[in-house]
Amino acid sequence: TDLRPLDILSELVPAGGLAHGMRVFQVQGARGVQLAASRPRALCFPASRLFVHCDRFPEEFSIIVTLRVLSVPAKRNEYVFTLMAEESPGVLVGLRYAPNKLHFLFWSQERAGGWQTRVTFPNVSLSDSQWHTLILAVSGQSFSLTVDCSVPKDVLVETPFPASLSVKRANFYLGNRRRRKGVFTGLLRQLVLLPGADATPRICTPMNFKVVTLSVPSVLQDLPAKPASNEVLRYPYETDTKVTLGSRPPCTTQEKAQFWFNASRRGLYLCNGSAWISMLEVKQRLDYVEEYQNLVTNSETMGVEVFTIPRVGLFAATANRYTPPGSAIYKWTDGKFVPYQNIPTYQAQSWKYFTIGKKIFLAVANFEQNDRGQELSVIYKWSRRKEKFVPYQRITTHSARDWEAFVIEGEAFLAVVNHREGNNHNIDSVIYRWNPRTGLFETNQTIPTSGAYDWEFFTIGPYSFLAVANTFNGTSTKIYSHIYIWLSGSFQLFQSILTFGAADWEVFRIGDRVFLAVANSHSYDSGMPAPSNFYAINSSIYELNVTAQMFVKFQDLLTYSALDWEFFSVGDDSFLVVANSFDGFTFSVNSIIYRWQGYEGFVAAHHLPTVGCRDWEAFHTAEGSYLLYTSAKEPLSKVLKLKTT
């Protein structure tokens, strides 16, 4: 067979109608067929209709099933499908469901003495009257089952699937094994055989995993809604269309359905009643970077957070080293950042902006004790009445470096990175859960970290991950940083990656590919000879390998005490900018913008003079795209404008 999907269900559900003993039902927005138990032999067709050019079942393949299982009585088995020879009662290939179990059956004359082999996947619970998509991948002795794109269940058996299984004079039976006993009582929406390939990467893309489709009979596909009347003929084909030229006009309900042509960008836009939507636009390309604004800060700046408060404006919060005067919040006004609010902080390291419902928060990570000798980081809440941030909750931290806010299954969390307690770098960092009843964050989980600098939260499909950048364990910077996965109500270790004074993780996507970049700051080990340069060291980019279910190294880039990565896009182009802070001799080091070049990976495109660069933030306004960098060595940050063509 070739490598096209072989749609088993469509052979019995042709475009013109249904086979005898089949009925269509629509449940939870998806359609499926129900099979009658009275005529199992009517629900079959010869295998030769699928295997046209070859009478052998493929040696490697995937079976994709979308079904809705009703409650199955204990000790009862129901067959999803079977492949049986005409003259034999044995099952050549079959899929069978029992309460909390799934069995894959196959016949192997050569290796099993002519007996049927059964591969069992335990703890597969489908009897919840919900739609589920199963992907069974078979290769030799390896059998893997993925349910709704969750973590695959892998089984290795002694008897491999046969390399040459004849399907001569064999028939496929849908929902049965040629008799009334064991007929499938649920709904079937999809049953596809994909020869020669593991279908998991093809199926498991970010969408509704439970009803994702590879091939579905036309009668089960969603039908377009029928218009109440012939609306096509209600209006003439030609009508007056108004196109506005010049600078950006207002877009309100009065301008709805009008067009605006932006000559400078060579773009055509449509007003939807509130915003201009791009209909046709020449994609921008980054030409060069120019200095746009010198932002004088209260003191050296360890981090910056750029955020937008709806109906208020664009802001930047700088985490400044000294108190007084503390840290500052700036508001974008007339194309520049201007001072807006000062907040007392104590060697602030970073800010994190987040929302919970209609509440708006800004959390600061304080590295040192306050005037009363207390080591507290503070969560501020936006006051709509005062149009300022006011203190909301104080949390005890230990040389806090970073906050990360995220939502899992509708619940809000806030994670703090604790760097050290006294001289002890091996301490717990803490994940807090929002309690809607008390309106406060409460401790949910602690995770051991080593001189940690950064948390990075991200999701892939239905999974949530949290990566920590471990920097120093008291004797060495050559230590493992960890990626955790959310399972059963807590974060559990997913993968460990060797890093060198890791200061930052940055996750980003290019197309369907997922990457994770680490900024390595320096290489130091008290028990090893000193390198020629502690700070000239590779930082690495890792890519998610879906098959291996882990991040694998994609590219190394030489950096100089790298402290931050920032990913951004211009038009169709993707970029990474690194914060190089120190080369071993001077803090005046070029930070570099790398351009994504596909097969070549990331290639240096622009060298930007920086002084003790600590953090990068990319942001966009109606006037264009910008980069903001902060300096940990001088009270001056810079806004750079991306000039495009």
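This passage walks through a predicted model, from the whole chain down to a few single residues.

Start with the overall picture. The chain has 645 residues, and 52% of them count as buried. Its secondary structure comes to two helices and 48 strands. Taken along the principal axes, the C-alpha atoms fill a box of roughly 90 × 75 × 50 Å. As for how the chain meets itself, take the contacts between residues at least 6 apart in sequence: 50% of these join residues at least 24 apart.

The chain splits into three pieces: domain 1 covers 6-219, domain 2 covers 243-281 and domain 3 covers 286-644. The C-alpha centres of domain 1 and domain 3 sit 47 Å apart. Six residues from domain 1 and five residues from domain 3 take part in the contact. Between them, domain 1 and domain 3 bury about 520 Å², with 67% of that area on carbon and sulfur atoms. No salt bridges turn up between domain 1 and domain 3, the count being zero. Polar contacts do show up, though: three residue pairs across the interface of domain 1 and domain 3 qualify, with both residues at pLDDT 80 or more.

M302 belongs to strand β22, which spans residues 301-309. M302 counts as buried because its relative accessibility is 9%, and the cut-off for buried is under 20%. Setting aside neighbours within four places in sequence, M302 touches A319, R321, A348, Q349, R614, D615, T630 and A632. With a relative accessible area of 0%, A317 is buried. Beyond its neighbours within four places in sequence, A317 is in contact with G303, V304, E305, F307, A328, I329, W351 and L362. K641 is 324 residues from A317 in sequence, and the two C-alpha atoms are 19 Å apart in space.

N435 is a polar case worth a look. N435 sits in strand β32, which runs over residues 426-435. At 14% relative accessibility, N435 is under the 20% cut-off and therefore counts as buried. The side chain of N435 reaches the backbone nitrogen of R437 at 2.8 Å. That side chain of N435 also makes a polar contact with the side chain of E442, at 3.0 Å. Once neighbours within four places in sequence are left aside, N435 is in contact with L440 and E442.

Q254 is found in the loop between β17 (243-244) and β18 (259-262). Its relative accessible area of 69% is over the 50% cut-off, so Q254 counts as exposed. Q254 and C271 are 17 residues apart in sequence, with their C-alpha atoms 9.5 Å apart in space.

Notes
Residues are numbered from 1 along each chain as its sequence is written. This is a predicted model: local features need pLDDT of at least 70, side-chain atom pairs count only at pLDDT 80 or more; totals for chains, interfaces and linings use all residues. Side-chain values use heavy atoms; hydrogens and water are left out. Helices (H or I, at least four residues) and strands (E, at least two) are DSSP runs, numbered from the N terminus. Buried means under 20% relative accessible area, exposed over 50%, partly exposed in between (1.4 Å probe, protein chains only). A polar contact is a pair of N or O atoms within 3.5 Å; within protein, one must be able to donate a hydrogen and the other to accept it, and residues adjacent in sequence count only if both atoms are side-chain atoms. Contact means heavy atoms within 4.5 Å. Domain bounds come from an automatic or database domain assignment. Buried area is the accessible area (1.4 Å probe) that two parts lose on being put together, summed over both. A salt bridge is a side-chain nitrogen of Lys or Arg within 4 Å of a carboxyl oxygen of Asp or Glu.
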